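Let's take a friendly walk through a protein model together. Keep the picture open beside you as you read.

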Amino acid sequence: MPQYKAPLRDIRFVLYDLLDIEKHYSTLPGATDLNAELIDATVSEAAKLIETVIAPLNRSGDEESCHWSAEGVRTPKGFKEAYKQYCDAGFCAISADPEYGGQGLPPSLQLVVSELLSAANNSFCMYPGLTNGAIACIQAHGTSEQKQTYLPNMIAGTWSGTMCLTEAHCGTDLGLLRTKAVPAGDGSFNITGEKIFISAGEHDMADNIVHLVLARLPDAPAGTKGISLFIVPKLMPAGGGKTGERNNVKCASIEHKMGIKASATCVMVFEDAKGYLIGEPHKGLRAMFTMMNVARIGTGMQGMAQGDASFQGALAYARDRLQMRSLTGPKAPDKPADPIIVHPDVRRMLMTQKAFAEGSRALAYYLGTHADMTMRHAGTEVAKQSEAMLELLTPICKAFMTDTGFESTNLGMQVLGGHGFIREHGMEQLVRDGRILQQYEGANGIQSLDLLGRKVLANGGATLRVFTNQIDAFCAQHESSPELKSFVDALKAHSSEWHTLVGDILQRAIKNPDEAGAASYDFLSYSGYVTYAFLFARMAAVSLAKIKAGAPDADFYQAKIYTAKFFYDRLLPRTRTLVQTMGSGSANVMDLQDAHFAF
Ligand SMILES: Cc1cc2nc3c(=O)[nH]c(=O)nc-3n(C[C@H](O)[C@H](O)[C@H](O)COP(=O)(O)OP(=O)(O)OC[C@H]3O[C@@H](n4cnc5c(N)ncnc54)[C@H](O)[C@@H]3O)c2cc1C
């Protein structure tokens with residue numbers, strides 16, 4: 001089993017050197033007194049708890065998984081106690097509103113903690129993750145009475161949260177959902193329907209579970225415009241933070257899954273369950289999106305975290321495992337063979353894992369700063385600009401980070417040869433636990449349609465232009481640097497090509513909308529590589545400046561420059577294939593008749 005160690009040095013690099021986070025926090029309402037000392041203390045406290053208490057439950061949780069009975073769902077041994085410790089230490093919802101007991105720390109810092117939690121134990125991280133999303137939604141759309149009733153216990157972690165969207169016949173297409181909400185005459189609603197795949201729908205770690213349920217009112221228009229959002233508690237609140245009678249909601253069964261086995265994935269049945277409208281009638285999907293946007297960055301982060309945990313396991317193994325001699329002569333002549341880390345192909349795999357983890361971390365934390373601005377400067381011009389960046393980059397974060405994370409876990413397993421395939425080393429669990437990330441929170445194909453259709457084509461590439469203007473400004477600033485020339489040249493070319501691709505797809509899609517659908521996935525992947533290229537060029541520039549200024553840990557900065565170079569030489573060129581496939585049109589996927597897929 002890889003022994004997880006929080007990558008604190010790289011985290012500090014991204015926070016301080018790349019994002020100048022102290023300066024960012026110095027103008028952020030509620031965070032102005034956050035200095036490096038406080039930030040480091042929060043992250044290292046979380047790391048200590050996660051490494052020592054939560055990581056050791058990863059393997060046992062996978063083996064034991066969750067157990068359903070008519071009385072409820074039992075989580076694996078140790079989960080309940082670890083969850084209590086995690087919540088008691090205040091990590092459950094560190095960015096929640098202090099008025100309701102939260103610490104009010106910036107969302108970007110919560111993201112850092114969620115990376116560590118997911119890398120250590122992806123099943124475990126689902127429980128506080130879902131609760132955080134529900135808190136964000138109630139904070140943004142609840143009445144003050146709802147906030148007072150639910151938030152203090154949810155923030156303390158004694159009540160947990162869920163998000164109940166999916167039904168058996170509708171996942172992507174929520175416009176089809178059938179769960180009904182009928183006014184009960186006393187301001188509440190009777191909710192009836194069945195939801196499937198509900199993460200943390202039932203478990204034994206919290207005293208109460210607060211379900212956020214999408215349902216239709218009797219007069220609701222058809223489709224997504226007729227969906228409302230309801231709070232449906234498992235146990236009715238009885239005032240003063242206490243619970244009363246049981247509501248008519250029960251967990252009918254749990255799913256048996258390929259991975260995240262210690263996360264309870266529940267079929268939830270609502271039979272005239274008491275629910276309370278949150279937000280406006282028929283505007284539930286928009287309110288739920290508050291939760292889903294937070295959740296999507298978190299899901300991207302989970303992808304990176306699985307890849308990083310796998311990288312740690314693969315690296316330790318590659319330093320230790322002796323097989324064959326180096327092509328350039330023995331590197332460990334006193335041993336019967338060299339460690340496999342000397343072999344170029346093993347290093348190709350490790351470098352790919354390292355580059356994906358570091359590029360993803362930079363993207364997620366960068367998005368975290370935009371989430372800070374959007375939430376803490378609400379209503380201002382800067383918040384609007386940050387929101388536009390978040391909207392553009394969130395589908396890339398969700399899909400590209402989970403795709404590359406999955407590629408990384410596969411490579412990590414490969415580094416161990418046959419030993420990666422057996423359970424002993426835990427590398428196969430990371431592959432299994434990371435696979436769902438490409439499917440839930442909006443399957444990655446849907447993310448690509450969202451990126452290309454809604455975020456790029458719908459505004460003629462205007463938001464993308466704002467982002468590429470930043471890229472172009474970076475290139476102009478560093479154009480004359482001989483050390484950065486190769487990065488700047490490639491980046492400039494991609495920044496301009498990105499818009500050419502948008503123009504080309506737009507022209508073709510006007511005549512035939514399938515052209516956009518057929519190009520979307522390649523477009524998202526292309527966008528992911530270029531976004532990482534921008535971040536790697538910035539990381540290389542910062543590292544170079546540090547080396548020139550005589551920074552004491554020059555090796556770290558030099559390693560960052562080598563990683564950036566690897567990314568540019570070996571991963572960014574994948575955009576050449578993507579340009580070609582994206583430009584090949586829709587006929588090659590659409591011409592074959594449905595009936596002719598198999599004879
Ligand atoms: C472990 C787990 C946990 C989950 N947790 C939750 C939860 O907490 N709450 C919750 O509500 N749901 C949850 N889900 C459900 C999850 O979000 C859905 O499974 C997901 O959104 C996809 O929906 P679906 O499975 O119905 O697939 P479908 O919507 O049937 O899609 C099937 C395939 O078709 C593709 N597709 C569909 N429409 C289009 C289109 N227009 N163009 C191109 N491709 C398309 C999709 O990309 C996908 O690949 C969970 C699922 C799992 C497995």
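## About the model

This is a predicted model, in which local features need pLDDT of at least 70 and side-chain atom pairs count only at pLDDT 80 or more, while totals for chains, interfaces and linings use all residues. Residues are numbered from 1 along each chain as its sequence is written, and side-chain values use heavy atoms, with hydrogens and water left out.

## Around the ligand

Which residues are closest to the ligand? They are Met 163, Thr 166, Thr 172, Phe 197 and Ser 199, out of 18 residues that surround the ligand. A residue is near a molecule or strand if one of its heavy atoms lies within 4 Å of it. Sorted by kind, the shell holds 10 nonpolar, 6 polar and 2 charged residues. Here Ala, Val, Leu, Ile, Met, Phe, Trp, Tyr, Cys and Pro count as nonpolar, Asp, Glu, Lys and Arg as charged, and the others, Gly among them, as polar.

Thr 172 has a polar side-chain atom 2.5 Å from an oxygen atom of the ligand. On its own, the ligand has 980 Å² of accessible area, and the protein covers 60% of this (Shrake-Rupley method with a 1.4 Å probe; for residues, only the protein chains shown count as cover). Strand S3 (159-164), strand S5 (189-199) and helix H14 (444-456) are the elements that give two or more residues to the shell. S5 supplies the largest share, with 3 residues. Helices (H or I, at least four residues) and strands (E, at least two) are DSSP runs, numbered from the N terminus.

How many disulfides does the structure hold? The number is 0, where a disulfide is a pair of cysteine sulfur atoms within 2.5 Å. Cys 66 has its closest cysteine sulfur in Cys 266, and the 7.7 Å between the sulfurs is too far for a bond. For Cys 92, the closest cysteine sulfur is in Cys 87 at 3.8 Å, which is also too far for a bond.

Are Cys 66 and Cys 92 buried or exposed? Cys 66 is buried at 6% relative accessibility, and Cys 92 is buried at 1%. Buried means under 20% relative accessible area, exposed over 50%, and partly exposed in between (1.4 Å probe, protein chains only).

## Aromatic rings

The model has 20 aromatic pairs. Rings of Phe, Tyr and Trp (its six-membered ring) pair if their centres lie within 6.5 Å; planes under 30 degrees apart count as stacked, over 60 as edge-to-face and the rest as tilted. Take Tyr 532 and Phe 567: their ring centres are 6.3 Å apart and their planes meet at 40 degrees, so this pair is tilted. Tyr 532 lies in helix H17 (residues 514-548) and Phe 567 in helix H18 (residues 554-571), so the pair ties together parts that are 35 residues apart in sequence.

Tyr 532 is buried, with 0% relative accessible area, and Phe 567 is buried at 0% as well. Both belong to one aromatic cluster, formed by Phe 400, Phe 487, Tyr 529, Tyr 532, Phe 536, Phe 567 and Tyr 568.

## Two buried polar side chains

Arg 432 sits in helix H13 (residues 427-435) and is buried at 14% relative accessibility. Its side chain makes a polar contact of 2.8 Å with the side chain of Asp 62. A polar contact is a pair of N or O atoms within 3.5 Å; within protein, one must be able to donate a hydrogen and the other to accept it, and residues adjacent in sequence count only if both atoms are side-chain atoms. The Arg 432 side chain also reaches the backbone oxygen of Met 258 at 3.0 Å.

Thr 575, in helix H19 (residues 574-582), is buried with 0% relative accessible area. The side chain of Thr 575 makes a polar contact with the His 494 side chain at 2.8 Å, and a polar atom of the Thr 575 side chain lies 2.8 Å from the backbone oxygen of Leu 572.

## Two positive phi angles

Asp 272 is not a glycine, although it has a positive phi of about 50 degrees. Asp 272 is in strand S11 (residues 265-278) and is partly exposed at 48% relative accessibility.

His 282, also not a glycine, has a positive phi of about 65 degrees. His 282 lies in the loop between S11 and helix H9 (284-320), and it counts as partly exposed at 22%.
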